[in-house]
Amino acid sequence: MPKPIPVPDELSKPFWDAANEGRLVIHHCKDCDTLQHPPRPRCRDCGSENLEWKEVSGKGRISTCMVIDDGRIGRMHPDQPFNLATIILDEDPRVNMYSNIPGVPVRQAPEGAAVEVFFEEVSPTQKVPEWRLVG
Amino acid sequence: MTQPAGWWRRDKEGTGIWPHRGKVAITGWGQSPVDRRWDGVSMDKTLGAYAMYAAKMALDDAGLKPEDVDGLICCPDSMAGATGGSSAVWAPRPYFEAPYDSEDGLTIVTGGWLQKNMPGLTNLKYNPEQVPAIGEQMGMAAQAVAEGLCQVALVVYTAGNLQGRYRMGGENAGDTVSGNAQWTSVYGQAGLGYTTTGVMQEYCQKYGTTWDDVLAPVVVNEHINGLMHEWSYYTLHEPYALTIEDYKASRFVTYPMRLFDNDRPVNAVGAFIFTTAERAKDMKQKPVYVLNHTGGGGGPLRSSAPTLVEMESWVDRAARMGYEGSGLKPSDVDIFNPYDGYSPFLPISLESFQWKGAKKGDAKDFFNGDITVHGPFPHCSGGGNLGVGRTRTAMYIDGIEQLRGMAGERQVTTRAETAICAFAPGGSAAYLYLSNDITS
């Protein structure tokens, strides 16, 4: 499915570079040991600027899944209806990411099911994290 | 005098009763007819023409003339923007003769345009350019009158949408996304409708219920209430009541969110008159006093998607803040017109504001009870956006009319002395507290 291509900025570039290398990295506060996503200039919890990128397992589960039947993103219109799931990470369920869970028919995504990350090419120079059911 | 950004905003807990409680009143309202789109031909139905129509109606309601207005608080909002609500810049080309020779008057209406084109607006001393959308706009007007920036404020809110769709242009129509959208739009998540759907799905999981069971009855009730406004979209263009079966048969926009969980994009303008309580005493209508106003966002988003826990905490906070500043308790609130720009806002606001004693998880039973305007729990008696189209004004108009005892067919049969009205999407805290009596 053609997805919009993210344009990295100074803060997000390490995330997207890692995606191109097949790694999922998340902003981590070294002072209070908290993960945060999307990245921010400061820790959401303690305000520290002592942040690093931490590679995570790429394991998670589906929290909720809706279906985009009539959406706003023009590039994705030809593929409607499609899934839009919220994935929560095993490392910290407060950290969530979106996914289209490719390969799962619409309205059949099992909420709570285990998923793992893979990386989908959205342009010749950019991959993005995606998630698929485990097992 | 230059004031700091957001100077009017009341967004903190622990500040006590609003110092200007009861010292400002709303004395007039006006509303244009609500059309689906401007037809591109009828010059008496442009957004600009409708702004003047609504303003004149509000002034007539208050028994005032344009010359009496010294504050114009006009929000040049447009609903069809690319991603953030700015004008869609979608007016027909070439433009028309003045005053319709630019976007201003067609896709937006600024205070400057209205001042120039509405006869009699000659005594303005306060006409700010940076005016927020109606939720905070109403608070800004109350605060402006309270602080003496003006004595008679004309509030104009435009709901322009020539495109007739929401946010289909700009980056949403392109190949790349940047800023916050790099985390969301890549996967098709492009706005509050989606985040709200996810939160409601969590709600159903947590409280053991289903989407349709919670939302069908409240959406149907809003349509019934909306049909009791003579100006609403449905009254003018689709004058028949929605049924539970209609709701359940409607197509999905974002499954499980249905068509009728979304408000109709419309072309319409609303207007209101705020003045001092002292001056209001001698005006044409019974004053409706402002007890408090709140604003600001609910709180920081933890991750990519808001969660039910976050949303509930944001609206809980908005309720605490509003009750504190107004001096009201949940049991004091007679009329409850929360925002419904997406129907899932309704269970959250009902429970956070504890209206009629509702607690977390009660919304399904509450909405399946008697919530009609003539019953004991007249929820959203104004019909909200879902009942009239996305004017974002029905909540306020109904609050004023109910407290005046002039809501006609919609007049509730329960006590109607206090009201909460809102344009508060998502975790917004933009609520307005009204009363027809400040003696107690």
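Close-up 1. At 26% relative accessibility, A:W53 counts as partly exposed, a class that lies between buried (under 20% relative accessible area) and exposed (over 50%), computed with a 1.4 Å probe on protein chains only. A:F15 has 2%, so A:F15 is buried. The model is predicted: local features need pLDDT of at least 70, side-chain atom pairs count only at pLDDT 80 or more, and totals for chains, interfaces and linings use all residues. Residues are numbered from 1 along each chain as its sequence is written, chains are lettered from A and ligands numbered from 1 in the order in which they are written, and side-chain values use heavy atoms, without hydrogens and water.

Over all chains, the structure holds 23 aromatic pairs. In the pair of A:F15 and A:W53, the ring centres are 6.4 Å apart and the planes stand at 50°, so the pair is tilted. Rings of Phe, Tyr and Trp (its six-membered ring) pair if their centres lie within 6.5 Å; planes under 30 degrees apart are stacked, over 60 edge-to-face, and the rest tilted. A:F15 lies in helix α1 (residues 13–20) of chain A and A:W53 in strand β4 (residues 51–55) of chain A, so the pair ties together parts 38 residues apart in sequence. Helices (H or I, at least four residues) and strands (E, at least two) are DSSP runs, numbered from the N terminus.

**Close-up 2. Aromatic rings in chain B.** Ring pairs link B:Y323, B:F336, B:F353, B:W355, B:F366, B:F367, B:F377, B:Y431 and B:Y433 into a cluster. In another view, B:R390 lies over the face of B:Y166, 3.8 Å from the ring centre. A charge sits over a ring if NZ of Lys or CZ of Arg is within 6 Å of the ring centre and within 35 degrees of the ring normal.

Close-up 3. The axes of α5 (residues 192–207) and α11 (residues 345–352) of chain B come within 9 Å and cross at roughly 60°. That makes α5(B) oblique to α11(B). Angles under 35 degrees are roughly parallel, over 145 roughly antiparallel, 65 to 115 roughly perpendicular, and the rest oblique. Axes are lines fitted to C-alpha atoms, for helices over the stretch in contact, with angles from 0 to 180 degrees between N-to-C directions. B:L192, B:T196, B:V199, B:M200 and B:Y203 of α5(B) meet B:F345, B:P347, B:I348 and B:E351 of α11(B); contact means heavy atoms within 4.5 Å.

The axes of α5(B) and α6(B) come within 9 Å and cross at roughly 115°. Here B:T197, B:M200, B:Q201, B:Y203 and B:C204 of α5(B) touch B:W211, B:V214 and B:L215 of α6(B).

Close-up 4. Eight of the eight residues of α11(B) are buried. These residues pack against α5, α6 (211–226), α10 (308–326), β9 (335–337), α12 (363–367) and β11 of chain B. Just after α11(B), B:Q354 takes a positive phi of about 55°. B:K360 is in the loop between α11 and α12 of chain B. With 33% relative accessibility, B:K360 is partly exposed. Beyond four places in sequence, B:K360 touches B:Y207, B:E312, B:D316, B:E351 and B:S352.

**Close-up 5. B:L432 in strand β11.** B:L432 is in β11 (residues 431–435) of chain B. At 1% relative accessibility, B:L432 counts as buried. B:Y396 is 36 residues away in sequence, with a C-alpha to C-alpha distance of 8.4 Å from B:L432. Leaving aside neighbours within four places in sequence, contacts of B:L432 include B:I26, B:M138, B:V290 and B:Y396.
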